[in-house]
Amino acid sequence: MSGKKRAEIKRNIAGYLFLLPWLLGFFGFTIIPMIASFYFSLTDYDMFTPPKFVGLGNYIGMISDKKVLASLSVTFRFVLMSVPLQLAAALAVALALKKNRRGVRLYRAVYYLPSLFGGSIAVAILWKKIFSQEGVLNQILAVVGIKGINWIATPSTSLYTLILLAAWQFGSSMVIFLASLKQIPTDYYEAATIDGAGKIRQFTGITLPLLTPMVFFNVVMQIINAFQSFTPAYIISNGTGAPLDSTLFYTLNLYIMGFMRLRMGYASALAWVLLVIIALFTGAIFLSAKKWVHYD
Amino acid sequence: MKIQQVLATLLAALILAGCSAGSSGSPSSATQPPAQAASQAPEAANANTPAPAKDIEISFTWWGDTRRNEIYGAVCDDFEAANPGIKVIREPAAFGEYWDKLSTRIAGGNAPDVMGIHANFGSDLATRGVLADLQPYIDSGIFEVDGIEDSLIQSSRINGLLCILPQGITIECMYINQTLLDEVGIDLGIDYKNNNGTFTYASFLEAAKRFTEAAKAKGMDGVYFGAPGGSDNVASLQYWSRTTLGGIDLYKDEGGLGITEDALSKWFALHKELIDIGAAADAATSLEDASAPLEDKLFTRGKVLISSTSANQYSQYQAQMTDSELYLLPFPEAEDGSSYNALVASHFAISNQADDAHKEAAAKFLNHFFNRESAVSIFKLEQGVPINSKLADIVAKSLDPLSAYVIGFVNDYTAKGARFWVYPPAGSNEFTQLLSTAAQSVSYGQSAPEEAAKSLYSEAEAAFAKIN
Amino acid sequence: MPKLMRNAFYHLAIILVGLFMLYPLAWMVSSSFKEAPAIFQSVKFFPDPAILTNYINGWKGLSGIGFSTFFRNSLTIVLFIIVGNIASCLLAAFAFARLKFKAQAFWFSMMLGTMMLPGHVRLIPQYIIFNKLGWINTYFPLIVPSFFATQGFFIFLMTQFMRGLPRELDEAATVDGCGPFRLFTQILVPLSTPAIVTTSIFSFIWTWNDFFSQMLYINDLRKATVALALRMYVDASGSSSWGALFAMSTLSLLPLFIMFIVFQRYLIEGITAGGIKG
């Protein structure tokens, strides 16, 4: 069967040709820093003197590190709350703004606006203006007769202001949903209407299943990003994780360890543990995908 | 159709951008900064002459605001005019990420030749051989020291090595809002208006009580007396330990903590009491205030009587608080009247990664920065009083009244025996982080002062032990 | 009549929630017309008096370098990165979504894996590589990687998009004697317009706002970008020009906003026009 074999070789060549730019980038720019950081994770490295090999010392040290435990708990709570909230908001708004009606283009832009800010200083100032003791939120509450607290600087509420910030910037997920909603051929709906299917049946029967590849994408990417979330906590807590470590995200702790306390080796070990955690989560989602993601 | 239009537009824009980028020499001249490309024309002309002056470029990085960038840029211009063979590549950075970038550059083998160094990081860099020894340049006369107090040079040594030099000195001190004090209507009985005297820690607490009661009686809500520095502030703790513990320094000379667990506990207790009696803002309010921009601080808004920062920020505060009369006063003194005021400074250092020629050019640059009247009169009080005292006197004559007040304050207390900081030992950054955690756990009421002190002490010991 | 009511309700709800989304922008724009002390101390939302000084001062730029330079620099980087990301990620995504080759799953998981390691611990080795290449203080460290599909996000995004396209297209094309290259250029790329537009929008915005890597690799103020310059207006250690910051932040949002308005047309109408006619 040499014909079949030739076809297979041809297929492999085509595949690797298309993959070539990525492969070059992978080996040229990505994998070397990753390997280097893995090596650092096995050393004492202060960035200024050569790393000293300590084997698994950094990893063992993490077990009894209170800050690691605190930051893990903060990060897990953040991921579990911000990801569903953000995706739900993004999907709801995308569905509401799907149809081309009068004004809808402007609405889409307005709802995307918060995402344009990124993690700029302006956002940090704004968030404080809203959630501080004399902020906008408390002024509104005062009208109803409730005396508010300083939401950002109170340990029990500070994380929620960051979750809200993440949810508020749902624009990218919304755009992805919008794009894939428009990918659904209109004749599907026409056919369904002829068959007498109502709006809800159309949504559960057509929209939702055809949207699953992008729901899957958004879930995976948001989880990967949320676990590594750094900027919101950095700009709002001034890079400290205050108050009382209630916004000490895992990567913020890692950053403080590496760049403020000059323990880059330990920080690298922290990073690799996070990679394993994220990989486990992502892997689980990929395994479950066979059950709920419909291609084509 | 549409995608093709989009791509065509993109491509056209790309080509346009590529052209303009090429002409400004951006991505195309990979290793040459445009400054160099621009200087190639005169250089080519020089090439005809038999012995062309060999141009040398030194890179110079500092942190600061837009105004400082302009001042330092002007100093660089002034230096280049006086030293035709040397160009200074200016690399200003915002303070927020200054340290991240600098450490990455040093680790990456691309350290700037001249760099601004914060006192907190000086030891961490000096003890790791990152900074060049400056003694040889003093010995060879490239860096002149005649105008500079020898004590300033000597106290800049870290473990005997002279590798950072202060470009400006200042005093970490307290600011008092006289207008607010008059409004509340009490008198503190201290002649701070004439740079004469200050609180003791005991009288501070007593005054705090008086002020708070008086303010309450007048129905002034949300007005605070303030604290002698933050409980999480290493500098404030340093003053307190020197003053109340009979001159004991926070750090031991050989590294490690110089004060006891019990002392830490008292420090936390002092601040807790200030909060409890309502003289200092509660934990959440002060945390927010600590990260608020200068324009938005409680002190700036006239809600706090006493705040603390370095003396050279006086003009900036006064500029924001046009309706208030502000005075500087030193941190509290000891019961016997002895004062432990210390000078603080920002520093410059030269990279050890530079070759000899660059190091020498960098030393010339520093010399110009510190010891030339033209440069110092541009610098004025930008990062404190210039350390060349002769030039500082000349500069003082041309200052506006606000800056003159600051320089008078610094000089008066320097004359009264303010010492230079003992440099925080390597590992002090770890202590800064640990202190902040412990201080918060007390102010938020999570731990009692004794508990927080206990865990802080053991964690600090462990951290220092790891380094030494 | 009920339809009119429904429509009114729809618009009302969207606008009400939209106000919440808009509030920060409104605050920033309003502040950009305020005098410095009023930005923080005035309780009024609207500027009184409204001044243009912040824009005039901000546009002058930093240390004699006009703000237009920063705009041009940012735009240059952005355009290169958009093209780089689209070209390289389309290729990789097509390989992952539509082709079959050895170790495909392995490389795909590698691609995902590279996104899971926090960037901070890669900074130093990355910096060393770019330093060895002599690329420090140039735009190469920012631009070149995008031509090699280093942003897994976009590969994954396009892969998911292509997987969502009907398989019958490939089969039909193969029957017609189409090889993978023609299948890619003539069918998959045109049909991926929404993904391409999405990639463009995100590349634009993320690059525009990507302060950290620009800060790390660009030393020279003349090469500074908008994100870098904006950071310079505010300094934790000294005085800040808040007015100029808000004025220039407002201006710097304009290209992003215009870009979004213009491109969403292609995003939303991408597939209905061309149609799946097979």
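In the predicted model, the C-alpha centres of domain 1 and domain 2 of chain B are separated by 29 Å. Both domains are assigned as two segments, 53–168 + 344–414 for domain 1 of chain B and 171–343 + 422–467 for domain 2 of chain B. Each domain contributes 21 residues to the contact between them.

On the side of domain 1 of chain B that touches domain 2 of chain B, the elements giving two or more residues are α5 (119–126), β8 (342–350) and α17 (401–415) of chain B. Helix α17(B) supplies the largest share of this side, with 10 residues. The composition by class is 11 nonpolar, eight polar and two charged residues.

Nine of its nine residues are buried, so β8(B) is largely enclosed by the rest of the structure. In a regular strand, side chains alternate between the two faces of the sheet. In β8(B), one side carries B:A342, B:V344, B:S346, B:F348 and B:I350, and the other carries B:L343, B:A345, B:H347 and B:A349. The residues on both sides are all buried, and both faces of the strand are therefore covered.

Two strands of chain B pair with β8(B) in antiparallel orientation. Strand β3 (residues 114–117) of chain B is joined to β8(B) by four bridges, and B:I117 has B:H347 as its bridge partner in β8(B). Strand β4 (residues 164–177) of chain B is joined to β8(B) by seven bridges; here B:I171 stands opposite B:L343.

How values were computed:
Residues numbered from 1 in each chain as written. Chains lettered and ligands numbered in written order. Predicted model: local features only at pLDDT ≥ 70, side-chain atom pairs only at ≥ 80, totals over all residues. Domains from an automatic or database assignment. Contact = placed C-beta atoms within 7 Å. Nonpolar A, V, L, I, M, F, W, Y, C, P; charged D, E, K, R; others polar. Buried ≥ 20, exposed ≤ 12 C-beta atoms within 10 Å, placed from the backbone. Pairing = 2+ DSSP bridges.
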